[in-house]
Amino acid sequence: MTERGLTHVDPLGRARMVDVTPKDPTHRRAIAKGRVFMRPETVNQVAANAVTKGDVLAVARVAGIQAAKRTPDLIPLCHPLLVGSVYVNFQLDDDFIEVEAQVETFDRTGVEMEALTACSVAALTIYDMCKSVDRSMVLGEITLWEKTGGRSGTYRRPEATDGR
């Protein structure tokens with residue numbers, strides 16, 4: 001709850017979308033990251049493009065981009081906005097694949113949910129494409145790393161001492 005009270009509930013306690021029409025449009029950006037933990041052999045198969053379902057990272061990238069654009073269809077009180085750009089990138093480590101999604105717009109509301117949705121769906125797509133070779137995978141650490149623009153300004157998640 002903010003100092004203004006619950007923002008997504010009307011005076012009768014019903015869910016509502018926040019009115020953003022008085023806000024001025026500004027450039028907004030958000031970066032989200034998440035990880036798909038898996039066996040090292042599975043990471044190696046993804047890196048070698050040897051998973052039988054196809055190019056895991058290419059499909060996950062397109063899934064993440066599509067998901068960012070469909071976020072208001074999935075999150076009930078999320079405002080539809082014109083997504084200006086979406087980048088989905090991957091970093092392969094010994095026992096996980098890190099997904100990073102960056103979304104930008106020029107609008108009245110932020111793109112944090114779009115970045116988190118892109119990251120989540122890209123991770124789910126990796127899971128879907130690799131589940132036939134590794135059912136022990138775990139999705140985790142899906143987190144907002146940075147957001148810029150808007151009234152609340154810039155947020156950057158401090159780097160944890162263990163590299164997360």
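Biologist: Is Glu41 buried, partly exposed or exposed?

Modeller: Partly exposed, at 45% relative accessibility. Bear in mind that this is a predicted model. Exposed would need over 50%.

Biologist: Which residue forms a salt bridge with Glu41?

Modeller: Arg39 does, with the closest N and O atoms 3.1 Å apart. Arg39 is also partly exposed, at 35%.

Biologist: How many salt bridges does the structure hold?

Modeller: It holds 11. One of them joins Arg14 and Asp10, at 2.8 Å, N to O. Asp10 counts as buried, with 15% relative accessibility.

Biologist: Where do Glu146 and Arg29 lie?

Modeller: Glu146 is in strand 4 (residues 138-148) and Arg29 in strand 1 (residues 26-37), so their pairing ties together parts 117 residues apart in sequence. Their side chains meet in a salt bridge at 2.1 Å, N to O. Glu146 is buried, at 11%. Arg29 is partly exposed, at 23%. A network of salt bridges links Arg29, Glu146 and Arg156.

Biologist: How many disulfides does a search of the whole structure find?

Modeller: A disulfide is a covalent bond between the sulfur atoms of two cysteines. Here the search finds zero. For Cys78, the nearest cysteine sulfur is that of Cys119, 16 Å away. For Cys119, the nearest is that of Cys130, at 15 Å. Cys78 is buried at 12%, and Cys119 is buried at 0%.

Biologist: What is Ile126 in contact with, leaving aside its neighbours within four places in sequence?

Modeller: Its contacts include Val36, Met38, Leu57, Phe90 and Val99. Ile126 lies in helix 4 (residues 112-130). Ile126 is buried, with a relative accessible area of 0%.

Key:
Residues numbered from 1 in each chain as written. Predicted model: local features only at pLDDT ≥ 70, side-chain atom pairs only at ≥ 80, totals over all residues. Heavy atoms only, no water. Helix = DSSP H or I, 4+ residues; strand = E, 2+ residues; numbered from the N terminus. Buried < 20%, exposed > 50% of the residue type's maximum accessible area, 1.4 Å probe, protein only. Contact = heavy atoms within 4.5 Å. Disulfide = S-S within 2.5 Å. Salt bridge = Lys/Arg side-chain N within 4 Å of Asp/Glu carboxyl O.
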